[in-house]
Amino acid sequence: MVSQVAETLAAEAEARKGRRGFEVAGRLSNPWVLRLSALALVLGAWQLWMGGGRVDPTFAAPPSKVATSIPKVVTNPMFVESLLNTLQLFALGFGISLVLGTALGLLLARVPVLDAALSPYVNGLYASPLPAIVPIITAVFGYYLAAKLIIVVLLAIFPILINTYQGARDTDPHLLEVASAFRASELQVWRDVVFPSAIPHLVTGIRLGVARGLIGTVVAETYASPGGLGYLILWYGFRFDMDAMLVVVLCFTLMALVFSGLVRALDRWVARWRVSE
Amino acid sequence: MMAAGRGRVTPRPGRTRWRRTAIAAATAVGLLVGWQLAAPRMGTAFELPTPTSTWLALVEMARSGELWTATKESGLVLLVGTVPAIVLGIAMGVVIGGLRPLDVAFAPYLYAFYSTPFVALIPLFLLVFGVGFKGKVAIVFTLVWLPVLLQTIAGVRDVDPRLLEVGRSFRASEWRMLFEVRLPAAMSLIVAGIRLAVGRALVGVVVAEFDTAFSGLGAEIFRYSQRFRLSHALVPALVLAATGIVLTALLHRAEHRLERWRRVD
């Protein structure tokens with residue numbers, strides 16, 4: 001009897017201890033505690049490396065100085081105009097890539113002759129470092145919007161095209177069979193069968209296309225025709241203002257994160273729409 | 001077109017492939033001839049490159065040795081930057097992917113860094129590390145390290161639980177599990193990371209060489225474009241394209257080979 005009680009008490013104590021241990025671990029494994037300490041670690045190491053005299057102070061951009069130069073960059077009269085230029089270039093270039101890429105992807109997937117004729121070259125261009133021809137594009141097309149748009153489209157279009165193509169190729173053959181049994185026209189097949197089944201792949205293409213389109217935007221603005229935030233990076237570079245340069249780079253990071261958030265929302269919306277279908 | 005819907009007769013694969021190759025080759029010939037005929041008629045103030053002028057430029061640049069010098073410079077940057085980046089990326093990825101708290105802590109920053117259009121950082125790198133060989137190697141290193149790291153983390157972390165279960169039931173130690181289960185299962189993802197990384201590294205080298213305009217394939221492209229000698233500018237771009245295509249194809253093949261380590265069946 002006594003031993004039984006003792007055992008129960010011991011077990012309870014054990015359980016309490018276990019629970020307490022779990023609570024401590026719980027606080028430590030809180031993702032935000034972990035993330036904030038990692039941030040502190042990274043910023044601390046960066047500050048020590050850049051601010052500790054190991055890097056020539058002219059070129060050093062420790063986080064403390066980057067943070068204090070945010071107001072300077074944002075109030076620079078060039079900033080808002082540059083930001084709008086960049087957004088405009090990206091939106092135009094990405095819009096063209098989306099329309100052209102989707103159309104070409106569907107076309108290649110549905111027309112076997114075009115598929116055989118063009119697919120090897122599409123894949124080849126996708127694997128090539130396309131920014132290599134930026135100086136040539138600039139020489140041919142001049143310092144105009146057209147040259148910059150070509151660069152953005154060249155980078156953004158291929159992931160959209162290739163993923164749409166894959167999605168359209170993966171169309172359930174049964175659906176195609178039913179469509180042709182009901183004598184659906186080619187246009188109807190495209191609109192009601194092929195395109196809807198390509199949409200999940202298309203979203204993947206959009207995600208990759210957004211990332212590459214942003215790279216194209218920066219390349220176009222720095223190496224083709226100076227303007228926008230891409231040029232603002234160089235502008236601060238000429239003044240050896242490293243902190244301000246980093247602030248502008250962080251603007252691009254922020255843009256990339258916002259865009260990828262939007263694409264993720266699109267992805268969820270598409271998934272829900274497909275389930276309810 | 002409508003045939004696609006009706007029970008399509010699948011032609012013998014050998015013949016389809018032959019037909020596809022023939023169509024692709026015919027397209028290439030058509031594009032080259034069209035380019036050759038159209039380029040001089042575009043009415044530009046300078047000479048647009050044609051296939052023949054590009055070929056002549058290639059022969060000239062190869063004979064004089066400048067193409068080889070530039071290729072060697074860019075290739076050396078790629079090699080010196082890539083190899084240690086892959087090693088460090090995999091090593092760090094194994095540690096972070098194996099320890100969940102580290103993954104939770106660092107993942108947001110790694111992904112934010114990965115989302116940053118890296119070309120925006122190139123001027124900064126060149127100012128901090130110098131515009132020469134060292135700066136370019138630093139760019140390539142960073143560009144390669146990050147995707148390899150992220151893919152290794154994902155590969156080591158998301159191993160099929162059934163594979164791990166088999167390992168545990170044979171009482172394998174964590175070390176053996178790491179080297180005999182987790183890493184082999186992660187290999188195809190790691191190679192995919194290297195494939196992404198190589199594409200990024202090629203872009204990084206070229207863009208950095210535009211900035212310095214001093215040596216390497218990117219500098220050649222930049223200098224010849226500035227003088228409107230576009231046939232000569234196209235040659236190094238073609239070398240880079242060929243490098244990208246060949247490396248991507250090889251790594252793609254390796255990826256498919258390694259894919260079977262991930263599957264349980």
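Helices (H or I, at least four residues) and strands (E, at least two) are DSSP runs, numbered from the N terminus. By that rule chain B has 10 helices and 0 strands, and from the N terminus on its elements run α-α-α-α-α-α-α-α-α-α. This is a predicted model, in which local features need pLDDT of at least 70 and side-chain atom pairs count only at pLDDT 80 or more, while totals for chains, interfaces and linings use all residues. Residues are numbered from 1 along each chain as its sequence is written, and chains are lettered from A and ligands numbered from 1 in the order in which they are written.

Start with the overall form of chain B. Its C-alpha trace spans about 75 × 65 × 30 Å along the principal axes. The radius of gyration, taken over C-alpha atoms, is 24 Å; a compact globule of 265 residues would have a value near 18 Å, by the rule of 2.2 Å times the number of residues to the power 0.38.

Next comes burial. A residue is buried if 20 or more other C-beta atoms lie within 10 Å of its own, exposed if 12 or fewer, and partly exposed in between, with C-beta atoms placed from the backbone. In chain B, 40% of the 265 residues count as buried. Just after α7(B), Arg171(B) has a positive phi of about 55 degrees.

A nonpolar core is a set of buried Ala, Val, Leu, Ile, Met, Phe, Trp, Tyr and Cys residues joined through C-beta atoms within 7 Å. The largest one has 135 residues, and Ile151(A), Val248(A), Val140(B), Val144(B) and Val148(B) touch the most other members. Helix α8(B), residues 174-212, supplies the largest share of this core, 21 residues. Contact between two residues requires C-beta atoms, placed from the backbone, within 7 Å. Leaving out residues up to four places away in sequence, Val140(B) touches Val77(B), Leu78(B), Gly81(B), Thr82(B), Ala201(B), Gly204(B) and Val205(B).

The two chains also meet: 48 residues of chain B are in contact with 51 residues of chain A. On the side of chain B that touches chain A, α10(B) gives the most, with 9 residues. By class, that side has 36 nonpolar, 9 polar and 3 charged residues. Here Ala, Val, Leu, Ile, Met, Phe, Trp, Tyr, Cys and Pro count as nonpolar, Asp, Glu, Lys and Arg as charged, and the others, Gly among them, as polar.
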